[in-house]
Amino acid sequence: MTASVVLQGVTKVFPGGFAALSPIDLAIDPGSFVAIVGASGCGKSTLLRIIAGLESRSAGRVLVDGAPVEGPGRDRTMVFQDYSLYPWLTVMQNIRFCRALRAHRSEDGRHAEAEAERRSVALLNLMGLARVEHAWPSQLSGGMRQRVAIARALMAKPQVLLMDEPFGALDAQTREVMHDLILHVKSAEKRTIIFVTHDVEEAVYLADRVIVLAPHPGRIDTIETIPFAARTRDLRLDPHFLALRQRITERIRATAGMGGDPDGLSALAAPVA
Amino acid sequence: MSERMEAGTKVRPARLATGSPHPSIWQIRTRLDRGRYLTLATSSFAALLMAWWAITASGAVNPMFLPSPAGVIDALVAWYRDGTLLDDIGISLWRVSAGFALSAVMAVPLGLYVGAYQPVRALFEPIMEFARYLPAVAFVPLVLLWFGLGETAKIMLIWIGTFFQMVLMIAEDASRVPMAQIEAARTLGASNHEILNLVLLRSALPAMFDTLRMTLGFAWTYLVVAELIAANSGLGFAILRAQRFMQTDRIFVGIILIGLIGLVTDQAVRRLQKRLFPWRA
């Protein structure tokens with residue numbers, strides 16, 4: 001139901017010699033929630049795509065429950081930032097998409113169809129989608145679409161749920177709702193979750209551990225263990241929470257820059273008359 | 001408080017001036033209601049008809065060069081009475097349908113594979129780009145040589161005129177399917193075959209319908225080319241024969257009929273698209 005993920009010396013060099021990831025070693029416990037943050041271009045999405053098997057690696061190994069990853073598989077489903085839903089299928093048909101695939105039918109027992117039916121309804125309710133069961137994706141808001149994408153990924157009963165900036169295109173209010181929904185999903189489904197984001201607050205609020213990647217080439221800079229037990233909205237205002245968030249943000253800023261002024265703000269011209 | 005009220009009173013006249021409840025229909029990409037759309041569409045046809053009628057009624061132009069609308073209707077009735085009109089329409093429709101269907105049946109799967117697999121693209125795309133610039137009309141003598149004067153020659157000419165364009169356009173439709181749709185299927189455990197059938201084809205289908213609707217127009221062009229050269233029936237042939245006898249009015253009937261058939265099929269396919277793809281916003 002849930003699995004460990006182990007990265008051993010995972011390296012990525014793009015054709016042309018651009019080193020996206022220098023050797024990365026990382027062990028993720030079964031059932032834990034790991035967030036990967038870092039400056040843009042640090043290779044966090046590339047790392048996630050290598051775990052998914054969507055991107056090839058130049059060296060190293062990825063082990064899921066001890067078994068090496070060779071290409072994508074239903075044990076590691078992925079939620080994308082946008083445009084991944086099938087617009088010709090209704091909400092429920094999208095959630096049940098994996099049932100049309102041979103990989104999901106071949107190993108089924110006799111009661112599989114009834115069980116899948118039950119599970120899809122349960123996921124529909126878990127994600128608060130019951131009202132829009134028969135709607136087309138084009139009729140939904142961005143937040144509702146991402147709920148469908150998450151339910152569809154969970155329908156395959158993955159051991160690891162991979163999320164690539166899943167809320168990056170949502171507004172701040174919707175994002176907060178999605179955070180609490182994800183925490184609810186985590187406690188209900190108990191799956192290993194690897195979550196890539198550029199939003200540090202999101203990472204600290206959701207994860208058990210936050211991995212900071214540094215760019216050029218991508219490598220692990222720091223790993224922060226998040227100590228908070230209860231994740232409620234009050235936590236966002238907690239001084240410890242804010243301090244941790246600040247510390248991680250400063251690490252990202254420090255790793256991104258080539259000096260004290262990485263964004264070149266001091267060189268800005270005087271106000272234009 | 002008082003400041004707010006002041007601001008409110010100041011804003012009001014400005015709002016009346018700029019944000020009227022009926023925004024201009026000339027704003028770029030603004031919406032137009034159905035009623036006004038139909039009114040404008042019909043009036044363009046009406047204007048064309050009126051201009052035509054006015055020129056011929058003025059007597060400034062010899063009817064040999066430009067027959068009057070009434071003259072064209074008379075020619076239509078005469079054509080119907082001599083019993084060949086429906087046969088000519090029927091045979092032309094059949095040729096277009098056969099040539100177009102042959103192209104579509106081959107181009108849709110091939111285009112899908114070109115859009116899906118890079119090796120297939122490398123094999124076929126450059127050669128299709130080359131072939132689509134070969135003038136189909138120049139193939140007429142070859143087609144006659146290879147397929148004779150029968151129906152096959154006409155169908156092949158329509159095929160030459162439409163197939164290569166169609167493959168490239170269908171491939172473009174397939175390659176526009178968002179990568180996230182494909183990758184989501186891959187992480188759910190879909191095989192290549194399943195991605196092709198359940199994602200690529202389904203996702204690109206509405207765009208492919210648009211492509212087929214466009215290329216159907218090309219098919220009519222090459223039908224007329226085929227019939228102008230080697231036929232003894234059909235709308236294109238009738239136009240050519242009318243030219244020999246200086247029956248300008250009959251030429252007009254043939255041209256207008258082809259235009260009308262195109263318009264009607266186009267509208268029918270649009271309706272079908274609305275029914276087949278209700279999820280399109």
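Q: How many residues of chain B are in contact with chain A?

A: The model is predicted: local features need pLDDT of at least 70, side-chain atom pairs count only at pLDDT 80 or more, and totals for chains, interfaces and linings use all residues. Residues are numbered from 1 along each chain as its sequence is written, while chains are lettered from A and ligands numbered from 1 in the order in which they are written. Two residues are in contact if their C-beta atoms, placed from the backbone, lie within 7 Å. Here 17 residues of chain B are in contact with 25 residues of chain A. On the side of chain B that touches chain A, H8(B) gives the most, with six residues.

Q: What is the order of the strands in the open sheet of chain A?

A: Strands of a sheet pair through backbone hydrogen bonds, either parallel or antiparallel. Strands (E, at least two residues) and helices (H or I, at least four) are DSSP runs, numbered from the N terminus; two strands pair if DSSP finds at least two bridges between them. In chain A the order is S2-S1-S4-S5, with antiparallel pairing. The edge strands of chain A are S2 (19-28) and S5 (67-68). Five bridges join S1 to S4 in chain A, and Leu7(A) has Val62(A) as its bridge partner in S4(A).

Q: At what angle do helices H5 and H6 of chain A pack?

A: Two packed helices are described by the angle between their axes and the distance between the axes. Axes are lines fitted to C-alpha atoms, for helices over the stretch in contact, and angles run from 0 to 180 degrees between N-to-C directions. H5 (residues 142-155) and H6 (residues 172-189) of chain A pack at about 15°, with their axes 11 Å apart. H5(A) and H6(A) are therefore roughly parallel, a term for angles under 35 degrees.

Methods
Parallel < 35°, antiparallel > 145°, perpendicular 65-115°, else oblique.
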